[in-house]
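Q: I'd like a close look at one part of this model, the place where two chains meet. Could you walk me through it slowly?

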Amino acid sequence: MKHYLIAGVALLVLSSCEKDPDLDALDTDYVVYTEFLDGVDFSRFQTYYLPDSILEPGQGRDATYWKDDYAQMLISEVSLLMDGRGFTRLAGEEGKETADLGLQMTYIAQTNQVTTGGLYYGWWDYGYWGPWWSSWYYPYAVTYSYDTGTLLLELVDLTKASDDGTARRLPVVWYANAQGYSFGNSRADAALLLRAIDQAFAQSPYVKHGN
Amino acid sequence: MKAINNRLFALLAVVAVALAFVTDAAAQSRYDRVHFNIGWQMNSPFSGGFADKLSGWGMAFEGDYDLTERWSAGAFFNFHTNHKYVGRQTLPVGGTGALTTDQQRSYFQLPFGVAGNYVVWDNAHFRPYVGVKAGAMYAKATTYYGTGGVYDKSWGFYVSPEVGAAIYPAAGKRFGFRITGYYSYATNETATLTSPIDGQSNAGFRVGVIF
């Protein structure tokens, strides 16, 4: 009977043996999602206004603006791609008031903290230490963190502004969200963001002026 | 309807566990008629294409009671995980969205229930058989991408015909080896990202011990 009990416990342990895949196989490029407002005709827009800084939301309503060389590189890339689609960038306060489209760039840096403990499916294969180990076990709490970055591009339709000065809600006609790991290296992170911007436009061929 | 299904599966689980206990109790009085199989399993899902890469991340457990010299009945459970890496691609989402990412997919299956076997040829060293397993299956489909992932769990009905043979190196002894080839089908439905699964077929083989 004792043998059967041991076998039963072994079965229960083994039943939890869902094998995790190799997540290192995933590439480091950002996941890029885009969406547009159904029915919108992008060809009717001719000009756009793009600020010379990237908004970084802070706590509550506090926000800062990212303006360094890396930010300028990202802004230039967006501008280059918009120009390539037949749009004309306008500058200055007058340009902001007369442009057909407004393009907002936002970057959200986030640190994700994870606390774990107990039974744990680690990165190392527990078979590495011998076939007699069945799983990992932390008898105390363990905390680790990882950084992620999210870049948002939003095209808002400024032609919908009211002439009588009453406030209206800005319709976002195109939206791009690029999200991935941040490596704490400005050059490497900027390279990933540049590729994400290129991808956002590549998968949105409808964002163009004219035919 | 879902609540009824959950109760039905819970009932099936209770019946399976009870059957296992009955088998265990019978082992003490009719030891020779009770035997167990523990096997390593190679499995490949081949419908749907969600995670159809052949893998050996699985095991099978079965306890049987010999009703006659050729017929036996018992209970079983097994588990298996299959993975599939999908390279970076752009997926349409709805009518207006697009998502670009690579994916690491994982499909975990845990069927359990009752088993019946018929020995087609009885020899002291070699006993080929045909069998069928039926019961319920728990499945979890996970798609990892970017810094996270999505998963979906489901319950379904499970049926699996199989052919195999028990090989006894020493005639008249309990210990032997068992090889099995099987096909299985489960009605589980899961949906992650853009890869829904509506019923899952598998084929594979098991190599194990019988005692």
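Which residue is the bridge partner of Thr34(A) in strand 4 of chain B?

A: In strand 4 of chain B, Thr34(A) has Ala98(B) as its bridge partner. A word on reading this: residues count from 1 along each chain as its sequence is written, chains are lettered from A and ligands numbered from 1 in the order written. The model is predicted, so local features need pLDDT of at least 70 and side-chain atom pairs count only at pLDDT 80 or more, while totals for chains, interfaces and linings use all residues.

Now widen the view. Strand 1 of chain A and strand 4 (residues 97–119) of chain B run antiparallel, joined by four bridges. Strands are DSSP runs of E with at least two residues, helices are runs of H or I with at least four, and both are numbered from the N terminus. Two strands pair if DSSP finds at least two bridges between them.

Around this pairing, 26 residues of chain A are in contact with 26 residues of chain B; contact means C-beta atoms, placed from the backbone, within 7 Å. On the chain A side, helix 1 (2–15), strand 1 (31–36) and strand 8 (172–181) each supply at least two residues. Strand 1 of chain A gives the largest share, six residues.

How confident is the predictor? The complex gets an ipTM of 0.77 and a pTM of 0.76. Over residues 1–9 of chain B, however, pLDDT is below 50.

Key: pLDDT is the predictor's confidence in each residue, from 0 to 100. Two residues are in contact if their C-beta atoms, placed from the backbone, lie within 7 Å.
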